[in-house]
Amino acid sequence: MASHTQDRLISAARTALTHVHEALELQFAFELWDGSRVPADAPADGLRLAFSETALTRLLRRPGLKTLIDLYANGDVDPRGGSIFDFAEKRPTLKSREIRKRLNKMLLLKSGFSLLRGSGRKADANPDGLDAGQTADRSSGSRKGDIAFHYDVSNDFYRLFLDPEMLYTCAYFSDWSNDLATAQKDKLDMICRKLRLQPGDRMLDIGCGWGALICHAAEHYGVSALGVTLAEEQLKLAEERIRERGLEDRVSVQLIDYRDLKSGQFDKISSIGMFEHVGIDNHDDYYRHVRRLLKPRGIYLHHAITRRGKKDLKKFRRKKAEYQTLVRYIFPGGEVDHIGWTLTNLEAHGFEVHDVEAWREHYARTTRLWAENLMKAKDAAVAEVGEHKYRLWVAYLVGVSLGFERGTIGIFQTVATRRTKGPSGMPPSRADLYWS
């Protein structure tokens, strides 16, 4: 009886997937849980998407990106013969309307009914409980729990895919063929030049990560620098690096919220990849505090991910499935604005905007290299965080890279000064930034 049921399930799955493969003219194959492939003559080592016995029924019961991510994280849907990037390159170029038009809904309905009726097994939706939206500690009502969830995975895990300086923000590629380490060093120099750092400047880096920027600024530009973070793992390594480089007299790191710092201390302030954690409802409060901390005519560099603007704020704040999945699994509390909103907020809170530069393609390249590094280090990553979390991170990094590549998300570096009457103090040309 069990064998008959299995045969019926496999037959229904094969019928449905054969139709999908032919109708959408797919350039990759499917592999069923019994090892058979669709189409049947697909090469055994070719690009194929493998399904467990429960995968298709779970997709039928609850179709959507969340279910697909769950299935991938649990190994019930498994890309074989290539990476997720390879599948993305082979994806159908058809629009949703054309896909719906090509599919035989009656055939799929009959096959789906057979699958649902025949499968009595249920797979756990999330066996490891790695739902960021539920796991992050929000007991204090602050962002500390959200940030700790993301960054306190372990320093060893991040070492597997980041550059030697452990920079977990967009690199800057003066040449697209540059390796990650070169591009990240070039990013540090670009930030320092945009901030017009001078010996003796007092610099603040909000969300300093593992301390690479503040150390670089002190060593190469002669500033004294303070980095602030809410992640204990970052603090420990940053302090270690400061001691190793003999920078204790000029560089320090604190486990503190930037809002708790004293006013007016800093000539220059950078915020590199931190603003995404602030939350849209807290933007006004954020800009007020940055202005409070910055001296008159002081320079602020705002480096943040954005989404494309919409006709009105209500439409912009609607979160698509991809965005909700990102927040659910990886970035609890994460929200991004659009570049127009960034500029409006800066001007409304006492800043003068001087320069805006798009780095979208730089981040597409950066995140792709991170994803490839992590996939190469699979065994070590699984040993460090487990198979489930490893897969979530691969899906996250690949998805973000594709988002930047396709332009659904962007990133900008914006340079502003604390507005005062008269000259801003900025130079008449920006030539030195790019041709120094």
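How do the axes of helix H10 and helix H11 cross, and within what distance do they come? I started my notes there, keeping in mind that this is a predicted model.

**Entry 1: H10 and H11**

I looked up H10 (residues 180–194) and H11 (residues 212–221): their axes come within 10 Å and cross at roughly 65°. Angles of 65 to 115 degrees count as roughly perpendicular, so I put H10 and H11 down as roughly perpendicular to each other. The handedness went in next: H10 passes H11 in a right-handed crossing.

Then I listed who touches whom. From H10 I have Leu-188, Asp-189, Ile-191, Cys-192 and Arg-193, and they meet Ala-212, Leu-213, His-216, Ala-217 and Tyr-221 of H11. Sorted by class, the residues of this contact come out as seven nonpolar, one polar and two charged.

**Entry 2: H3 and H19**

On to another helix pair. H3 (residues 65–74) packs with H19 (residues 387–406) at an angle of about 130°, and the axes are 8 Å apart. That angle makes H3 oblique to H19. I noted a right-handed crossing for H3 passing H19.

On the H3 side of the contact I found Ile-69, Tyr-72, Ala-73 and Asn-74. They meet Glu-387, His-388, Arg-391, Leu-392, Val-394 and Ala-395 in H19. My class tally for the contact of H3 with H19 reads six nonpolar, two polar and two charged residues.

**Entry 3: the sheet**

Next I traced the strands. Seven of them form an open sheet with mixed pairing, and I wrote the order down as S7-S6-S5-S8-S9-S11-S10. At the edges sit S7 (251–255) and S10 (351–358), each pairing on one side only. Ignoring direction, neighbouring strands of this sheet are turned by 15° against each other on average.

I zoomed in on one pair. S9 (residues 294–307) and S11 (residues 409–418) pair in the antiparallel sense over nine bridges. To have a landmark in the viewer, I picked His-302, whose bridge partner in S11 is Thr-414.

**Entry 4: helices across the sheet**

Which strands does H13 lie across? I checked H13 (residues 283–293) and got S5 (202–206), S8 (266–272), S9, S10 and S11. H13 runs at about 150° to S9.

Terms used. Residues are numbered from 1 along each chain as its sequence is written. This is a predicted model: local features need pLDDT of at least 70, side-chain atom pairs count only at pLDDT 80 or more; totals for chains, interfaces and linings use all residues. Side-chain values use heavy atoms; hydrogens and water are left out. Axes are lines fitted to C-alpha atoms, for helices over the stretch in contact, and angles run from 0 to 180 degrees between N-to-C directions. Helices (H or I, at least four residues) and strands (E, at least two) are DSSP runs, numbered from the N terminus. Angles under 35 degrees count as roughly parallel, over 145 as roughly antiparallel, 65 to 115 as roughly perpendicular and the rest as oblique. A crossing is left-handed if the near helix is turned anticlockwise from the far one by less than a right angle, and right-handed if clockwise. Contact means heavy atoms within 4.5 Å. Ala, Val, Leu, Ile, Met, Phe, Trp, Tyr, Cys and Pro count as nonpolar, Asp, Glu, Lys and Arg as charged, and the others, Gly among them, as polar. Two strands pair if DSSP finds at least two bridges between them.
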